[in-house]
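Let me go through what I looked up, one entry at a time.

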Amino acid sequence: MSEIDSSLSHPQSNGSNINGWYELFSRGARDWLRHNDKVRDAVRQQLPDIIAGADVLGSGSRTVKVPVKMLEHYHFKLNQPRQQQGVGQGQAKAGDVLQQGSPQGSGKDKGKGTNEGGGIEFMLEFKVDDIVDWLWEEMQLPNLKARVGKSEETDWTREGWDKKGARSRLDRRRSLREAIKRRAVQPGGPNFSDDDLRFRQLNQREQPSIQAVVFLLMDVSGSMTDADRKLAKTFFFWAIQGLKRQYRHLDTVFVAHTTEAFEFEEEKFFQVTGSGGTVTSTGLTKVQEIIDERYSPSRYNIYLFYASDGDNYPEDRETASTTLNEIASVASYCGYIEVASSTPQHLNTEVGQLFRSISSNGKAAGSFAVSKLEDIWEAVRHFFKHQAAET
Amino acid sequence: MSTGINADWRHYLPKVESLANSLGLSFNPVDFEAVPQSFMMEISVYGLPVRMPHWSFGVRYIYQLIQHRMGNSRLFEVVFPGNPGHAYLAQNNSVAENVLVTAHVLGHADFSRNNILFKRAQEQVSEHIVEHAANHARQIAVAIEEYGLQRVEAVLDAALSLEQHIDCNHGVRRPRYPEYESPKALPRDDAFAKRFAALTPFDDVDSQGQMHRKRAAVPPHPEKDLLWFIAQYAPELEGWERDIFLAVREESFYFHPVFATQIMNEGWASYWHARLLREADFLPQSSYLDAIKCHSDVVKPYAPEQHIALQINPYHLGFTMWEKIIERDGIEVARDIMRQDDDFSFVRNYLDEDLAEELQLFKFNAQSDGKIEVVESKLTDLHEAMLAPKYNFGAPTIAASHVHVDGSLDLLHDYKSDGRGLDPDRASKVLDYMYRVWRRPIVLHTIDENGSPLELKKQS
């Protein structure tokens, strides 16, 4: 209060009784923050729609920037006429064109009163982790339970004490306690005896597997359109995010196939275009090879998500089925997402059939068909609910 | 800091006041207060020094802040009518600026004490709107504490979005409609009427010949004062919600004359600051020049490097009009006009052909593709194009026309007088707000872009 300008403490000042109270807070800022809260709520409510379209994958960043408009507090307004009238002032005569029209009509809002809001866009930044938390909350998705496999992995852990041991593992506190106990029943005994010493013991114990790997397998044959890929990409992104919620160490392996299969880096994976036919088993075999080489099922929880438009050569059925069965028997879950933006076939496809059969064999597997971005959340929900039930 | 200088302008205050008095201005005393620019900005955003919180003010605040940062706006003063009036001056005004601003404020004080719209509003709302508004703010803070931000905000969303929908022809404190219809006038006492009466009993006379009163329809006529109507007749409105509606409405009654006399009022204040400065022989020469420069900045028609403006500066227009009127008809005639007119009559009566030409006013058409073209126009076209945004408090004419037995509400848009239909998207959003307080279905009748009837509905 005392910092306030001396003009206010001038003897003639009428306002000095409320000296500087207005510097203590800003109502404008308060109401602005409230506005931003509302924007956040609004964004959060429509999050699935907004995020589904956002370009999130491959950017590597852990935040998503969502362009938002200032909220408008609506009032009754008349329809905007095709031609608005106004009065101006200055050197102009009838027929003068003061501003040329632009074909996009972008000039429409220029120079208009901006008090209504809605004109300025600004970016709100959301953490991907927050978004995933919100989504899981929103979709009421369960947390996955890690499949604690019979692990061969062992580690040394401290376990108990012994009277013998290496000098370096002498537990002094425990040894002193033993000495005190002994002297309590043996007054006048020595301060320390060898019998008092306690050494920490180590033991080998099996560690539960808390690592996971997710295989993202995608059919990139000619029949997969850009829209299909976008669907697959978006689904994969959120599937990965969902698994990351559970596993601190999650490896991702990207495999694309046509009639041959290759492993790709994440960045390149979604750019890959192939042509020609589809042989699903090549992709599955590649996954199988990678599991054998790098991801022992005893140490890793294995997930497979396969995105395809559902086509496969009928001749491949047998091979694909065998391979998938092998993978499914070691994997925590195998999911199939059928992306068909143009002609949805509702899983009545070769690949749909393939996954149905292993599912009916009692393996942890599920399928879901998506044809538009909004379906992605249903797919995510479907798989994660399903998985939680399986494990 | 220029605190030493700032302190100085108060020395001139009594001199400016007595000069104003001697020139015939009559005003209530004004409390002057120098405040930081940031606070000035907030006052102008909220329209009142202390006003209820709402997120929409936050949006306006940011726009104001952006404009301010871009150097497009500088606020010298904000003044509130009342007894006493309250004037806030920017702390960083120079002495010369503050002397000018003081004179300007006295012009406003004269206007708001004498203009009929202001007088009526102050009789209604009292001469203490600043205090009332602060009280409303407090009342709403208490409501938030008691009912939670979400619920209070829902009420404010609705009330503030309807803030222009009042009817100044009725008082702020207005009784509910009569509950029963007044009995029909009895028919003429002639032979035919007697025979006719014997045939069929009148509606309001039962078979025993007893008059029985008929419940009046609600509303008895289309009701434009939506804030009042909802406050009084919403089927399930709670007491504290009604209070919020009435608080918003009271502030609207205060804002109405400010809105409806802007050109006159700013012009009047500008005329008087210029006049008082001219006659202020007590002012040092250098300060006088500074003040005159400030004056010409305020009443300039367009931005410095431009020769054309697509908006009329009300300060400039009003100032020029008053100068002409006083030069031609004398101060007493001008004072009469000031007392009795609003912007509509002021512009229509006194913005004549010569002045429009002198001011180089022109009408333009702006097309939706951005093309702006100057068009030939008659003087009356110019008037109406200028006044169009001011019709009906700047809002479409919408009236509550009927409440059904189930409590559902019919709203009627008078598209004939507005010339076109409502923006359906915005209207629907407003219906969403309204539904949360009316809590029964609402139907709004208007027309679409092609002129065909359009019904906007809101139910659950």
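Which residue does Gly90(A) stand opposite in E4(B)? I found that Gly90(A) stands opposite Ile308(B).

**Ground rules.** I am working with a predicted model, where local features need pLDDT of at least 70, side-chain atom pairs count only at pLDDT 80 or more, and totals for chains, interfaces and linings use all residues. Residues are numbered from 1 along each chain as its sequence is written, while chains are lettered from A and ligands numbered from 1 in the order in which they are written.

**Between the chains.** I noted that E2(A) and strand E4 (residues 308–309) of chain B run antiparallel and are joined by 2 bridges. Strands pair if DSSP finds at least two bridges between them. Strand E2 (residues 83–90) of chain A also runs antiparallel to strand E5 (residues 361–367) of chain B, with 7 bridges. There I saw Gly86(A) with Phe364(B) as its bridge partner. A reminder to myself: strands of a sheet pair through backbone hydrogen bonds, either parallel or antiparallel.

**Chain A overall.** I looked up 10 helices and 12 strands in chain A. Helices (H or I, at least four residues) and strands (E, at least two) are DSSP runs, numbered from the N terminus. Of the 391 residues in chain A, 31% are buried, meaning that 20 or more other C-beta atoms, placed from the backbone, lie within 10 Å of the residue's own.

**A sheet in chain B.** Here I found an open sheet of 3 strands in the order E1-E3-E2, with mixed pairing. Its edge strands are E1 (30–35) and E2 (77–80) of chain B, each pairing on one side only. E2(B) pairs with strand E3 (residues 85–90) of chain B in the antiparallel sense over 4 bridges, and Phe80(B) stands opposite His86(B) in E3(B).

**The cores.** Which residues touch the most other members of the largest nonpolar core? My list reads Val99(B), Leu106(B), Ala159(B), Leu227(B), Ile230(B) and Ile244(B), out of 127 residues. A nonpolar core is a set of buried Ala, Val, Leu, Ile, Met, Phe, Trp, Tyr and Cys residues joined through C-beta atoms within 7 Å. H4(B) gives this core its largest share, 10 residues. I also wrote down a second, separate core of 60 residues, which includes Phe215(A), Tyr295(A), Ala365(A) and Ala379(A).

Conventions: Buried ≥ 20, exposed ≤ 12 C-beta atoms within 10 Å, placed from the backbone.
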